[in-house]
Amino acid sequence: MVVQAYILIQTDVGKAAEVAKAVGQISGVTLAEDVTGPYDVIVRAEAHTVDELGNLVVSKVQNLEGITRTLTCPVVHI
């Protein structure tokens with residue numbers, strides 16, 4: 001089983017491309033793009049369990065310099 005989520009990231013001014021590049025290097029991240037809109041970077045991530053996904057977001061993504069806020073949106077297949 002694979003658990004997936006989109007992570008919407010707000011960054012410090014002028015840091016979106018740098019943050020997207022750094023997040024893209026994290027194991028479990030399948031896509032990281034800097035975008036325009038209310039969020040600066042959109043990330044797609046996956047893990048084997050919800051706990052593993054949460055750990056990826058909290059310990060690896062949110063700790064990167066330049067990130068001011070994240071919103072995690074789990075993917076649900078019905």
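Visitor: What pattern does the protein chain follow along the sequence?

Guide: The protein chain reads β-α-β-β-α-β, where helices (H or I, at least four residues) and strands (E, at least two) are DSSP runs numbered from the N terminus. This is a predicted model, in which local features need pLDDT of at least 70, side-chain atom pairs count only at pLDDT 80 or more, and totals for chains, interfaces and linings use all residues. Residues are numbered from 1 along each chain as its sequence is written, and side-chain values use heavy atoms, with hydrogens and water left out.

Visitor: How do you know which residues of α2 are buried?

Guide: Buried means under 20% relative accessible area, exposed over 50%, and partly exposed in between (1.4 Å probe, protein chains only). By this definition Leu53, Leu56, Val57 and Val61 are the buried residues of α2. They cover an arc of only 90 degrees around the axis, which puts them on the same side of α2; the arc is that of the directions from the helix axis to the C-beta atoms. On the other side, Asp51 and Val58 are exposed.

Visitor: What covers the buried residues of α2?

Guide: The cover includes β1 (3-11), β3 (41-47) and β4 (67-74), where contact means heavy atoms within 4.5 Å.
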